[in-house]
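Here is a walk through one protein model, going from a single side chain to the packing around it. Please keep the sequence and the structure in view while reading.

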Amino acid sequence: MGLSLAGQAHAADPCADYVPQERPQNTSRDIVGQELDQIIDQGHMLFAVYEDYPPYSWQEAGKPRGVDVDIARLIAEDIGVEARFNFVAAGENLDADLRNNIWKGALIGGRIANVMMRVPYDSAFKCRTEQVVFTGQYAAESIAIGYSTAAYPDEKPVPAYFRFDTVAVENDSIADFYLSAFPGGQLSGKMQRYPDMRGAMQALNDGTVKAVMGPLAQIEYGLTDATDVHSPPLPGFALSEWTLGVGISFLYRPLAYTVDDAIYAALQDGRISAIYESYGLTHQPPER
């Protein structure tokens with residue numbers, strides 16, 4: 001699942017090209033979400049999480065699992081309600097995901113959630129998407145390189161190595177775009193594209209490729225005793241790191257404030273770091 005904000009170019013003023021968008025007026029509460037007091041009264045709240053997306057969110061034997069699932073439960077516990085989950089497929093871009101899951105709803109089927117997890121923060125995008133409150137920043141993510149320790153016993157690989165050595169990437173991800181953009185397509189002959197990072201990591205672990213490039217957490221989650229990961233400098237990479245938070249309908253700011261407070265407290269006392277650690281991952285704190 002590639003980051004949908006990749007490749008955007010913005011003016012110095014991130015809101016310079018802002019165009020007002022449709023507001024979901026005259027829409028009933030059961031469509032656009034619920035007030036905080038209603039959530040407390042009913043005793044549960046709904047979180048939108050991406051389906052089949054380890055280590056962040058997936059179902060195992062019918063039970064929700066993953067970093068984002070556990071953070072959502074932490075939020076719900078702080079509010080005093082039960083966390084319920086709507087596992088959703090990634091849309092064409094982040095606009096579509098937020099529209100379908102937070103403020104408007106899909107044309108056919110689907111459900112509006114109170115909170116959507118794993119929303120990348122971008123100041124220009126925030127200006128243009130006035131229907132959503134971007135808040136609760138709980139982690140940073142970065143691009144890293146996983147590698148076979150047998151293939152690289154002395155030096156850790158950097159992108160220049162991939163002129164000669166095979167590297168796996170998720171198709172149409174920012175790692176794919178970055179490596180494909182090297183002058184003259186000098187790395188394209190050694191790149192192998194996979195539908196998702198699990199496929200890319202499987203290729204690394206079974207020896208089909210010598211390295212893999214993608215989000216640090218997804219690489220860490222797929223490591224074995226024969227593979228390792230590092231985060232080298234990536235010259236010319238405009239979006240090698242980004243911040244993750246949650247999205248909530250702009251109509252429900254009290255809920256947004258409460259969710260942000262819950263996440264901030266969990267960052268301060270180490271509960272979010274502990275969630276990452278429980279999955280064998282490194283928690284990269286957000287820039288709040």
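Is His-283 buried or exposed? The model is a predicted one, and in it His-283 has a relative accessible area of 14%. The cut-off for buried is under 20%, so His-283 counts as buried.

His-283 sits in the segment that follows helix H10, residues 271-278. Its side chain has a polar atom 2.8 Å from the backbone oxygen of Tyr-138. The side chain of His-283 also makes a polar contact of 3.1 Å with the side chain of Ser-273. Apart from neighbours within four places in sequence, the residues in contact with His-283 are Tyr-138, Ala-139, Leu-267, Ile-272, Ser-273 and Tyr-276.

Helix H10 in turn packs against helix H3. The axes of H3 and H10 are 10 Å apart, at an angle of about 150°. Angles over 145 degrees count as roughly antiparallel, and H3 and H10 are therefore roughly antiparallel to each other. Their crossing is right-handed. On the H3 side the contact is made by Val-67, Asp-70, Ile-71 and Leu-74, and on the H10 side by Arg-271, Ile-272, Ile-275 and Tyr-276.

The largest nonpolar core has 54 residues, and Phe-47 and Met-117 touch the most other members. Helix H3, residues 67-79, supplies the largest share of this core, eight residues. Beyond four places in sequence, Phe-47 is in contact with residues including Ala-72, Ile-75, Ala-76, Phe-85, Val-115 and Met-117.

Note on methods: Residues numbered from 1 in each chain as written. Predicted model: local features only at pLDDT ≥ 70, side-chain atom pairs only at ≥ 80, totals over all residues. Heavy atoms only, no water. Helix = DSSP H or I, 4+ residues; strand = E, 2+ residues; numbered from the N terminus. Buried < 20%, exposed > 50% of the residue type's maximum accessible area, 1.4 Å probe, protein only. Polar contact = N/O pair within 3.5 Å; in protein donor to acceptor, adjacent residues only side chain to side chain. Contact = heavy atoms within 4.5 Å. Core = buried A, V, L, I, M, F, W, Y, C linked by side-chain atoms within 4.5 Å. Axes fitted to C-alpha atoms, helices over the stretch in contact; angles between N-to-C directions. Parallel < 35°, antiparallel > 145°, perpendicular 65-115°, else oblique. Left-handed = near helix turned anticlockwise from the far one by under 90°.
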